[in-house]
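Reader: I have a structure here that is new to me. Can we go through it together?

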Amino acid sequence: VIAIAKLQEGEDPTELDEDEQSLTEVLIEVLQYDPSPDVRRAALLNITASKLTLAPILSRTRDQDTMIRRIVYGHVLSALPHPKLLSIEQREGVVKNGLKDREPAVRATAGRLVGGWVDLLNGNMVELLKLFDLIGSEDVAQEALFSVFVTRPDIFDNAQFDEEFWNNLTPEKAFLARVFVDHCIATKDNTRLESSLPVVTALAFRIQHEYNALLELLRQLQKEQEQEDEDSEDADAAREEKKAEKQLVIAQLLKLAVNLDYADEIGRRKMYGLVREMISQEVLPEELVARCLDVLRKLSSSERDLIRLVVEVVQELRDLTREDEPEPERAPEDETQFGDDRTEVGARAPATQRELSPEAQARAESIDLRCLALCIGMLERVNSTLQDNSVFHGLLPELIIPAVRSKEPLMRERGLVCLGLCCLIDKKVALSSFPLFVQQVQVAAEDLKKRVLETVFDLLMVYESEFFKQENKTEELLVQLLDQDSPDVQAIACEGVAKLMLSGMVRDEKLLRNLVILYLIPETEDNQPLRQCLSYFFPVYCYSSPLNQQRMRQVFLHTYDLLQRHRSDLEPGQEMIPASQIALLFVDWTDPEKAVEVKDQAIDMAVHVDLAIDVMKTLLKQKLNKEDKKTLCQLLPKLYIPEDLEQDKAKLLKVLASTLHKRRPPNDTVARNAVARFDKSLDKKLATQLEGFTQANYLDLKQLQDMFDDADDIINGGDDDDAESINVDDDDRAEKTPPAHGQARKNARAKQTKASKSKKGQEEDVDKDIDDLLDSGAESAS
């Protein structure tokens, strides 16, 4: 590699054949794909940074080797003359990967790189922020500032926020001030915090000034758009950018307002009145609703006060559409008509049910969406129950339930989210609405299904005692939820089931089996969220509890059998990890030496002993094909056998190992040697327990009699390459295909679709079910 690097300087690209690789391309290939860290490191140190090589070099910020990641930040990127040689996306990737690296040494090197960028910009923090996309990647810029404040305390100490700074606010300045205050709070630097924060009244006037400027900008942009003959994408993009920048300034100021000291009553009233007026306006951009609610939560005396305020605002917004409604014809005041319908003051039919003009209908729907956004933001910030806040009861039948019944996807989505948040703070509404959410998981569109599925798992975790009374039904539901066609939805379902199992709410072995199968089958290979979730879940689940390790040990043989059956049904081009690697995963997950000590739960050091007993009983009692027998035999020497094992279990283990070694040895040489090594290791480790225990005592163990009788029937059979996999119960054979994207499952679903009702009939049935469920939920809430 070093020689190629030296030769590349004198290479002339014009002399290369059409299909011939250049030396630089060879180095790039080595850098990206060579399995040796030393070789990749040599290529990285000797490759020249250019437009062609920059992307491959930056990809090494995610290299498995820690030293290579440090070299990228400390040697290659630090040598660049200016960070603007990188694109915004590349700069954000460099900062994100470096400052979020799992190794402290890499994080420190990345921090020094960002500090070097500040020096190149003459210490101007505003110019540093211009290197990032504050609108789309706010978190990355925030991490960069935090890093600079930590690694360069001189820059932190010299930061000044004078009157001139506040009078000429830009998105970068507002962002810098907000992050500076957050850093002071995190480090408890109260002195700098008090000297940097403006007084409440001054900040309130500043927010009001920026908000008025935003409204003026919106009116100006609307006028420009109306005057243009044809819509231009560039013009639209420019208008949206101006709007987003102004919104960013206001959002940062509102975040800043949350950290103010409101001991000044005049300032508190000014801020409260300002933010109250902002959320009452229809023109307030929806991106600022959550920030306003954060300020109001800080200023409100209690959650009840916040709920009352939001309900008032919702009623005011919905009353705006009354101006667009036609006035009903009324009888003269001195006349009365029999059968007049009286409507309660304040009650209003949903926008979708009233006769309005198209413009008024669109405005009413827009206001309802804004009201739902306010309700969602408010419900996310309170914990008190609906019974304690009777003022909110009217919104459930008037706003939320009609939104769930709406045909508009966005309206229905927000209605379901609102209803789900109501369920989290009210048990009666949760129990009556849970069937609705389950139904929506089956029939909703993919985007809506994601939100509903998250709600289902939230309710299961909050109301564990209610939903897990009938444990079998709930676990059957969870098995069905794992069976999804969409990879994203399936990843959410796996994450939800993993959380339930990790918390101990679910202990079903079938669910654990299905998670393992989903983790290992090739159909989920491209589903990175699912794989990443389960790769974290299995070690944490097993090492955190000895009961979980035993549960994983109990599902091993059955899961191994299902995976081997799935392997035999693979389509051309599909690949699956080897059977030996599957076995090693279970050995690792059940390793008692990796278990963490938990209060009131002693580590079960004999879990591998139980696994060895299960494996050897299977080898003795069942006919297995040569590959499966070889895999299971090679697993035995890798198991941990404690030297202080109890005597009865030690004798049983020795009997099984000796019987497998001498009475039914595998025909395969590798498998036979593995069994011999395991049997010999038992003699050394368990010498004390096996003292005086001879061959004549073996059959005295009554629990082995039946097994030996069965073994005698198949001893002469030897290995059978065509033998079936590990035998399972008849009820479990139906589980041959795991809940993934199997062809058999697709065929069955296609047949079911042909036999089902028409699409229109299905929609009518779904709507009727929704109405029934919502009506029962509304009655429970009232």
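The chat below goes from the whole chain to single residues.

Author: One thing before we start: this is a predicted model.

Reader: Noted. How many helices and strands does the protein have?

Author: The protein has 38 helices and 0 strands.

Reader: And what share of the residues counts as buried?

Author: Of the 782 residues, 48% count as buried. The accessible surface comes to about 40400 Å², and carbon and sulfur atoms hold 47% of that.

Reader: What about contacts between residues at least 6 apart in sequence: what share joins residues at least 24 apart?

Author: That share is 73%.

Reader: Let's pick a helix. Which residues are buried in α3?

Author: Helix α3 covers residues 37-46, and its buried residues are R40, A42, A43 and L44.

Reader: What covers them?

Author: The cover includes α2 (23-33), α4 (51-59) and α5 (66-76).

Reader: Now W117. Where is that one?

Author: W117 sits in helix α7, which spans residues 104-120.

Reader: Is W117 buried or exposed?

Author: W117 counts as buried, because its relative accessibility is 5% and the limit for buried is under 20%.

Reader: What does W117 touch, leaving out residues up to four places away in sequence?

Author: W117 touches P83, L86, R91, V94, V95, L128, L131 and F132. Take L131 from that list: 14 residues separate W117 and L131 in sequence, and their C-alpha atoms are 9.8 Å apart.

Reader: Different topic. How many disulfides are there?

Author: The count is 0.

Reader: Are C418 and C422 buried or exposed?

Author: C418 is buried, with a relative accessible area of 0%. C422 also counts as buried, at 0% relative accessibility.

Reader: On to salt bridges. How many are counted?

Author: The count is 37 salt bridges. One of them joins R276 and E316, whose closest N and O atoms are 2.9 Å apart. R276 is in helix α16 (residues 265-279) and E316 is in helix α18 (residues 303-319), so this pair links distant parts of the chain, 40 residues apart.

Reader: How open to the surface are R276 and E316: buried, partly exposed or exposed?

Author: R276 is buried, with a relative accessible area of 16%, whereas E316 counts as partly exposed at 36%.

Reader: What about D588 and K594?

Author: D588 and K594 form a salt bridge too, with the closest N and O atoms 2.2 Å apart. D588 counts as partly exposed at 26% relative accessibility, and K594 is partly exposed with 40%.

Reader: Which residues do salt bridges with shared partners join into one network?

Author: That network holds R276, D305, R308, E312 and E316.

Reader: Next, N625. Where does N625 lie?

Author: N625 lies in the loop between α31 (607-621) and α32 (626-635). N625 is buried, with a relative accessible area of 15%.

Reader: What does its side chain reach?

Author: The side chain of N625 reaches the backbone nitrogen of D628 at 2.8 Å. A polar atom of that side chain also lies 3.3 Å from the backbone nitrogen of E627.

Reader: Last topic: what is the phi of N122?

Author: N122 has a positive phi of about 60°, although it is not a glycine. Most residues other than glycine have a negative phi. N122 lies in the loop between α7 and α8 (125-129), and N122 is exposed, with a relative accessible area of 73%.

Reader: And K188?

Author: K188 has a positive phi near 60°. K188 is in the loop between α12 (171-187) and α13 (190-196), and K188 is exposed, at 70%.

Terms used. Residues are numbered from 1 along each chain as its sequence is written. This is a predicted model: local features need pLDDT of at least 70, side-chain atom pairs count only at pLDDT 80 or more; totals for chains, interfaces and linings use all residues. Side-chain values use heavy atoms; hydrogens and water are left out. Helices (H or I, at least four residues) and strands (E, at least two) are DSSP runs, numbered from the N terminus. Buried means under 20% relative accessible area, exposed over 50%, partly exposed in between (1.4 Å probe, protein chains only). Contact means heavy atoms within 4.5 Å. A disulfide is a pair of cysteine sulfur atoms within 2.5 Å. Accessible areas come from the Shrake-Rupley method with a 1.4 Å probe; for residues, only the protein chains shown count as cover. A polar contact is a pair of N or O atoms within 3.5 Å; within protein, one must be able to donate a hydrogen and the other to accept it, and residues adjacent in sequence count only if both atoms are side-chain atoms. A salt bridge is a side-chain nitrogen of Lys or Arg within 4 Å of a carboxyl oxygen of Asp or Glu.
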